[in-house]
Structures are given as structure tokens and as C-alpha cells.
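Please examine the structure shown below. The paragraphs that follow lead through it part by part.

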Amino acid sequence: MTDLEARLRASLFRVAEDTTIPDLDVTAQVDSSVGAGGHTPDGSHRPDGTVPVPAPRLGRRGLISVLAVAIGVIAVTVSIAVIQRETGGSSPAGTDHPTTVSQHGEIRGLLLISPPMSAEHVSSGSIVITGTRVFTITVGDSGRFTASVPPGNYTVIGHSPEYGGNEGDCITQSGPVTVRQHRTVSVRVRCLEK
Amino acid sequence: MIVDSLEGEGVDENFLRAVWPGLVRLGRLLTGSQEQGEDIAQEAVLGLLRQESVQAPRAYLRRSMVNLSINLARNSSRERAYLAGTREPDVEASEIDEVWPVVVALPARQRAVVVLRYYEDLSEADIASVLGCRPGTVKSLAARALKQLRQELDP
């Protein structure tokens, strides 16, 4: 290995060490894939009523696993309710819920200001999620937002005081997002300054 | 690192918790960004859970991460073209050392080869399998990446 390769290797390991490891919400993700009754991650029911990848684990653990999944479902439901309260408004006020919270999916994202000649950075502001209904979320200084919404297609538009004084539309590069039951969609809402 | 590929390894909460830190670190290295690294790690996990059956989940996750990072770079490239300007890909890059900013500036496939070779310790054949190309292409990408690094660091 040459000196350059050694420096390269050392640098990569330094970056790896420097990387912040966020918590993995395994409960929500595993729960969505191993739900009792043989539902696949996209919510469809498979003919043989099994889920091949995780099913052997469930089979061995028997009743304890079923109880654990049930507790997980309750935990996720409570978490979604808490997130809804914290994000201040993913639940539409004054409208009927055609789906229960436990049937919802999640949109998680980051509001970013993208100046053309410098590094992009997070911004506070607001997010409007438009689908069959409209959800408005207040975004704090971290730029992060989370919304629990019924399955469907949504357009996510952001507004920032740093971008046209809340008048400009900040957009997702990939266009409308599709939310599925019990799934999380990650988006980046960018305010593209020209 | 997510080096070992254990055939038939079960995918459950313990497995995901075990591989998660390695996935985020690999994501950071492949994308040059903490945030984007987290995003593709999450995408890879969700992709794995969508599969009906995976023989080698770690290898599946690694391949997903590489593909997601290359797609992400392609989209970012389009965005930069739209903006007609350049942007720092990783704001903390220069705070690590003098090598990392050059790695971050490499094209996505070259960076992937560098990361898989010098961080994941994969052979050229294994890298070729991950990238879906020939070993000769891997050798060429690695050579170009090292040449670029040499030009930037040892002019």
C-alpha cells in the first residue's frame, strides 16, 4: 500500500469515526413488515399468510413475539400521536378521519436553504402538505419535520422567512411523494435561491 | 463496516440494530454528507424490509447503499446544473483532514470504489459485483480516483 493509499484509508476511517449515529426506529420499521396476519410491507395480504424473511423468528418465539409486536404497534401509535402534537398540525382540524392513526404513513423531512454559491443549510419555517387534505406544520430551527398522514399522494411545499420572506415556495426535487400505510418517506424541501 | 455477508442471516430487530451504525457510516462515506448518509441508510433498510426473501441481507444492504448514493449524486448533479453554480458537498469536509474534501469531490462511482476498497476492504471482484460492472472497470475507476487524489494532495 502506497503512502497515498494509507492516507486515504486513514481519512476514511477518521470520517467513519466522526459520523454521528442517529437512533434507528426499528420498532416502527420491523412492525410494518412483520404485522400479524401475514401482511407484506406494502400492506397487501399474501396467499399463504406468511412473511418469509422475519417469519421464522416469530415462529420460534411464539406467543412472546406476538405480544412484542402488539406492544410495538401500541408504541408506534402513541409515538405518532406525540409527533403530531409536537409538529403542531399534521392532523387536520375540524375534519373527519377516514383512516385511523395506526393506518397512517409518515413524511419525514428537512427544510433547506440552497444558495447557489455556498453550502446549503437548514431553516425554520413551515411546511404545507397537500393531498386529499391539507396539513400545515411549523418547522423549528433544526429544519426537521415529521407528519403522520393517511396513505396517498402528497405535494410537499415549504416556506421560510429566509426565502422571500415566507412568500417563495420551497420544493421537493422529486415532486409529489407517495405515502403508504406504516411507511416513512424521507423528503428534502429545498428553497432554491438563484 | 458491514463486511461480513452471512448467508441466510435472519432479518429482525437485532440484526437491524447491529448493522445500523455501519450503514450510517458507509452512507456518510458514499455520499460525503451526514444527512444524505442517514437518508440512504434508512432507504436501504426500508428496501430490505420490502423484500420477500433475501439470502445475504448485509450484501443486499451494501449494494443498495451504493446504488442509492450514485442515484443521489446523479440527481444532485442535475440540481447543480439547474442552479448553474457549485455548492460545497459537505460543509464539514475540510474539518476532517486534507484528504476527505478531495474524496468528497470525486465522481460518485469513483468514490464508491475508493470506499469499498479502502474502507470495506473488498476485492476488485467483489466491488465489481456490488457495482454491477467488470473488474477491469473497477480497476480503471480506482486508478482515476487515485490519480485525482495524487494531483490534489501531492502536486
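Across all chains of this predicted model, the structure holds 1 disulfide, a term used for a pair of cysteine sulfur atoms within 2.5 Å. The disulfide joins A:C170 to A:C191, with an S to S distance of 2.0 Å. In general, such a link is a covalent bond between the sulfur atoms of two cysteines. The link of A:C170 and A:C191 is right-handed, with 95° about the S-S bond. A:C170 belongs to strand β7 (residues 170-172) of chain A and A:C191 to strand β9 (residues 184-192) of chain A, so the pair ties together parts that are 21 residues apart in sequence. Helices (H or I, at least four residues) and strands (E, at least two) are DSSP runs, numbered from the N terminus. Both A:C170 and A:C191 are buried; buried means under 20% relative accessible area, exposed over 50%, and partly exposed in between, with a 1.4 Å probe and protein chains only.

The conventions are as follows: residues are numbered from 1 along each chain as its sequence is written, while chains are lettered from A and ligands numbered from 1 in the order in which they are written. Local features need pLDDT of at least 70, side-chain atom pairs count only at pLDDT 80 or more, and totals for chains, interfaces and linings use all residues, whereas side-chain values use heavy atoms, with hydrogens and water left out.

Strand β7 of chain A also takes part in strand pairing, for which DSSP must find at least two bridges between two strands. β6(A) and β7(A) pair in the antiparallel sense over 2 bridges, and A:I157 has A:I171 in β7(A) as its bridge partner. Strand β3 (residues 125-130) of chain A runs antiparallel to strand β6 (residues 152-159) of chain A, joined by 5 bridges; here A:I129 stands opposite A:V156 in β6(A). A further 3 bridges join β6(A) to strand β8 (residues 177-179) of chain A, again antiparallel, with A:V177 in β8(A) as the bridge partner of A:Y154.

Attention now turns to the nonpolar cores. A nonpolar core is a set of buried Ala, Val, Leu, Ile, Met, Phe, Trp, Tyr and Cys residues joined through side-chain atoms within 4.5 Å. The largest has 54 residues, and those with the most contacts inside it are A:L8, A:L12, B:L131 and B:L149. Among the elements that each supply at least two residues of this core are α1 (3-18) of chain A and α2 (34-50), α3 (57-83) and α8 (135-153) of chain B. The largest share, 9 residues, comes from α1(B). A:L8 touches B:V99, B:V103, B:V114, B:Y118, B:L146 and B:L149, not counting residues up to four places away in sequence; contact means heavy atoms within 4.5 Å. Apart from this core lies another, of 21 residues, among them A:I113, A:V139, A:A147 and A:V179.

Confidence in the model remains to be considered. The model scores ipTM 0.84 and pTM 0.51. The pLDDT is the predictor's confidence in each residue, from 0 to 100. Its mean over chain B is 82, and 79% of the residues of chain B reach 70 or more. Among the elements of chain B, helix α6 (residues 108-118) has the highest mean pLDDT (95) and helix α4 (residues 93-96) the lowest (59). Over residues 3-8 of chain B the pLDDT stays under 50, and the model has 12 contacts beyond four places in sequence for them. Residues 83-89 of chain B likewise have pLDDT below 50, with 22 contacts beyond near neighbours in sequence. Where pLDDT is low, the predicted coordinates should not be read in detail.
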